Amino acid sequence: MIRYSTDPVAVTASNWGWRHAGRSRFAVRKLDLDIQPGERVLLLGASGAGKSTLLAALAGVLGNDDEGEQEGSLLLDGGSPASRRGRAGLVLQDPDSQVVLARVGDEVAFGAENLAVPRAEIWKRVHRALDDVGLDVPLDRSTSALSGGQKQRLALASVLAMQPGLLLLDEPTANLDPQGVIEVRDAVVRVLERTAATLVVVEHRVEVWANVVDRVVVLGPDGGILADGTPAEVLGEEAARRSLAGAGVWVPGWKPEVEGHLPGTAGDPLLSTRGLAVARTRRGAEVLTGVDLELSAASALSIVGPNGAGKSTLALTLAGLLKPRRGRVTAEALLECGAGADPARWRSAELVQRIGTVFQEPEHQFLTSTVADELEFGPRRVTREPESSFRPRTSDLAERLRLVHLLTANPFTLSGGEKRRLSVATMLATSPDILVLDEPTFGQDAVTWAELVGLLRGLVSGGGCVVSVTHDADFTEALGNRILDVRAGGVVQRGTP
Amino acid sequence: MSSDLLTPSLAGNSVLIRANPLSKLFAAVVITGVVMLSIDWVSAAVALTFEILLMPLLGISMRGLLLRAWPLLIAALVAAYGTALLAEKTGAVLLHVGPVLFTEGSVAAGIAIGLRGLALALPGIFLAVSTDPTDLADALAQKLHAPHRFVLGALAAVRLVGLLVEQWQTLGLARHARGAGAEGNALVRTRNFLGQAFGLIVQAIRRATRLAVAMEARGFGAAERTWARKSTFSPVDAWVAAVGLGIAAGAATAAVLAGTWTFLLS
C-alpha cells in the first residue's frame, strides 16, 4: 500500500472569528478549537452557525481584509491557511460549480499543476487519485458527462492530487441520490485509510458520517462550541440529541415530527396521461416512454428512480412546461376550467392558477428584489387579483413559512432553507390545484424539512395534489408512499392511488 | 445554435487532430487575412476551392460539415442575393422584373460576397472542430508564453459559456412556471426577455464566483505553475503552416493575375 500523503495537518483556532464585509453580525466568533493531525471531525451546527465559513477559512479562500474582518487566529500547522497553499483540499456541495476543465484527467491534474509539481509526477498522482476514489473512466472523458456522484468523486480526486494533509468536505453528499451518497462516503473512507489525512466534514445528515469520524464538534448559533466529543458522547446523550435536532441536525435514529395527516381517499381526477413519452428538448432523445398516470385531488405522488432516468423531465411535462414527445397529457374539467385540455398550451397566467412548479434551484424562479414582492408577484402581476383578495393568503403564507421577518430582504441573500421556503410560498400564492416539486428536500436541514412536509400534507388534506421528484425515502413515506418508480425504459406504480 | 458547436467533434488521427493548435491558428489567420483584404471573387474562389479540396485530407466529411454549418451556407446565399440586388448596377442587364434588377456587375459582386463569406468561415470551423480549447490554452501559454492566469481564466469561461445555453432553457421554464413566460404583446415579451437575460447574467456571475473560489482552493493563482500536458510541435505543423501560407499566396496571386484584386480600403 502506498501512503502518498505528506503529513496530516493540525488545526488550531484561538478565539477566532470572521465577519463578512457588509454584514453586521459575525459568521463565526469566539471559536477555540484544536484538531490533532489525523483526526476525523464531523462539524455540526444550525443553519447560519458558520460551518461553511470555517471550512472556507481553513482552505484559505475567505479572502483578505476587503472581504471581511478577522479576529483571533486560525492556524494550520502553526501558519496561516493562505501560507499553506495546497495543504488543505476543499470539496463543496454543488457538483457542477467546482468543475474547472473539460476532461477528467486535466481536471484532476489542475491542482497539482498550480502547485508546480513536475509533469511526470502529476500523472502518477492523477492515476492514484482516480484509483483512490474509484472513478474508473478514461482520462479524456468529458467532465460534464459524469453523474452527480461521479462528479463529487472527481472533485475529491482533484484535491487528492494536491496531496493535502487536511481534507475539508462541505456537505459533499447533500445533492446526491442515495447511490451517490454511498459512493462518495466510501471513497472518502478509502482515501483516509490510505493517506491518514486530517478530515473536517460538514453535513446535516449525520448518520452518513457518524461511523467514519472519531470526533463531533457542534458550533453554537451565537459563537463558541456547543458540544465536542466522540460521536457516542455527543449523539448518545438525550439532551444533546434534542438540542441538535432543534437546531436542524439530522440526528441518527430520530425523525422530525411532522404536523398534519393525509386524507384516506383521493378526490376527483385532475390530470391524466396516456402513452406519454417525454424528452428534455424538442429534438432531444426520449428519456422515458409509456407513462400512464392519473393525478387526483387530495393525493400525493412521489416520482423516484436513479439519476438520469427522466424523473425531472417527466415532472416538467406533467407541469405543462414541456410538450409531450408522444402520447397525451390531459387536464380534466375540474382542473382546466376553460383553459383547454392541454397544459402545455396554457398561457403563464392560466398555468400559475392550475399547476405550480418548484424548481430544484430556487434562484431560477426569483423575479423581484424583495421577499414581499416575490410573494405577491403571481396574484398581483400575473393573475391580477384585487389586493383585498390575495393579501390574507400571502400574509398567511409568509407567517406559516416563517418569512415575515424577511419581507424586505433580497431573495438572493437568503439562506438555503429560506430560499426553499420562499420558492414554495411563491408558487402557493396563486393557489394552484397541483404543485410539482423537483427534489424539494435536497440539502435541507431537519427543521426546514419538517415544515415543508407539514405544509405539503396540509395542501393535500385541503384537496390539493402534490407531485414530487425525490430520492428522500422519509419524505416519500411522510406523504403517503404512493410511488411512481422510474427506471430505464419503464415505470412501475406502487402504493394506493 | 447549440453548445456542441464549441466542442471538437473530430475523432481519429487526421492531420488536423495531430497538428498543434498554434499552427492551425496560424494557417487560419493568414488565409482569412488575405481573403478579407480583397473583395473579389477570384481570391475567395481559389481559397474556398483549396479549403474544400483539403477536407478529406483533414478528416472532415462534407456531410458532417453541412450538419453543423448549414446556417452559414444560408447566410452566404442571403448575403450574395442581397448584394446582387443592391450593389452598383454595372454591365449588361441579366434580369429585370419590376423593381428587381440584376446586372453582370451586381451579380459578380454578390457572388464575391457569398464566396468570401464561406472562404472566411471555413478555416475557423476547421479550427473549432479539430481543436480542444484545453489544447489551445496549453499551446498559447507554453509556446507563446501568454500569461497563464489569463489563458486558464478564459478557458474556464469558455466552458461556462457552453453551459449557458442549457441554463437559458431552464430559466425560461422556471419563469413560465412563475407566470413570466414568453408570451403576450411585444412590450410584455420584451420585458420578460430582458428579465430572463438579466436572470441569466445573475446566474452566470454567481456561477463564475463559485468557480473562482473552487479554482483558488486548488491553488490557482501562484506565480509558478507546471503543465501536465506538454504542447509540442511536429513536422505536421510545418506542413499545416506552409499549406496555409500557400493557399493565402495562391489566392492573392490568382486575383492579381486575373486583375480582380480589389483592396478593401481602396
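How many residues of chain A are in contact with chain B, and how many of chain B with chain A? In this predicted model, 47 residues of chain A are in contact with 35 residues of chain B.

## The A–B interface

Several elements of chain A build its side of this contact. Helix 2, helix 3, helix 4 (148-160), helix 11, strand 14 (355-358) and helix 12 (371-382) each supply at least two residues. Helix 2 of chain A gives the largest share, 6 residues.

What is the make-up of the side of chain A that touches chain B? The residues there divide into 27 nonpolar, 13 polar and 7 charged.

## Helix 2 of chain A

Most residues other than glycine have a negative phi. A:A116 has a positive phi of about 60 degrees, although it is not a glycine. A:A116 follows helix 2 of chain A. Its place is in the loop between helix 2 (104-114) and helix 3 (119-132). Is A:A116 buried or partly exposed? A:A116 has 14 other C-beta atoms within 10 Å, so it is partly exposed.

A:C337 also has a positive phi, near 45 degrees, and is not a glycine. A:C337 lies in the loop between helix 10 (333-336) and helix 11 (348-354) of chain A. A:C337 counts as exposed because it has 12 C-beta neighbours inside 10 Å. Helix 11 of chain A, at the end of that loop, is one of the elements that supply at least two residues to the side touching chain B.

## Strand 6 of chain A

Is strand 6 of chain A enclosed or open? In strand 6 (residues 166-170), 5 of the 5 residues are buried, so the strand is largely enclosed by the rest of the structure. Both faces are covered. A:L166, A:L168 and A:D170 are buried on one side. A:L167 and A:L169 are buried on the other.

Strand 6 of chain A has parallel partners. Strand 5 (residues 88-91) joins strand 6 through 4 bridges. Within this pairing, A:A88 has A:L166 as its bridge partner. Strand 7 (residues 198-202) pairs with strand 6 over 5 bridges, also in the parallel sense. There, A:D170 stands opposite A:V202.

## Domains of chain A

The domain assignment of chain A gives domain 1 (11-246) and domain 2 (269-494). Their C-alpha centres lie 33 Å apart. In the contact between them, 13 residues of domain 1 meet 10 residues of domain 2. The side of domain 1 that touches domain 2 divides into 3 nonpolar, 8 polar and 2 charged residues.

Confidence along chain A averages a pLDDT of 88, and 98% of the residues score at least 70. Residues 1-5 of chain A stay under 50. For that stretch the model has 12 contacts beyond four places in sequence.

## Chain B: fold and spread

Chain B has 9 helices and 2 strands. Along the sequence the pattern is α-α-α-α-β-β-α-α-α-α-α. Chain B is more spread out than a compact globule, because its radius of gyration is 23 Å, well over the 18 Å that the globule rule gives for 266 residues. The C-alpha trace spans about 70 × 60 × 35 Å along its principal axes.

Of the 266 residues of chain B, 33% count as buried. Among contacts in chain B with a separation of 6 or more, 76% come from residues 24 or more positions apart.

## Domains of chain B

The assignment for chain B gives domain 1 (3-138 + 232-258) and domain 2 (147-217). Their C-alpha centres lie 32 Å apart. How many residues of each domain are in contact? The contact involves 5 residues of domain 1 and 7 residues of domain 2. On the domain 1 side, 3 residues are nonpolar, 2 are polar and none is charged.

Terms used:
Residues numbered from 1 in each chain as written. Chains lettered and ligands numbered in written order. Predicted model: local features only at pLDDT ≥ 70, side-chain atom pairs only at ≥ 80, totals over all residues. Helix = DSSP H or I, 4+ residues; strand = E, 2+ residues; numbered from the N terminus. Buried ≥ 20, exposed ≤ 12 C-beta atoms within 10 Å, placed from the backbone. Domains from an automatic or database assignment. Contact = placed C-beta atoms within 7 Å. Nonpolar A, V, L, I, M, F, W, Y, C, P; charged D, E, K, R; others polar. Rg over C-alpha atoms; globule rule 2.2 N^0.38 Å. pLDDT = per-residue confidence, 0-100. Pairing = 2+ DSSP bridges.
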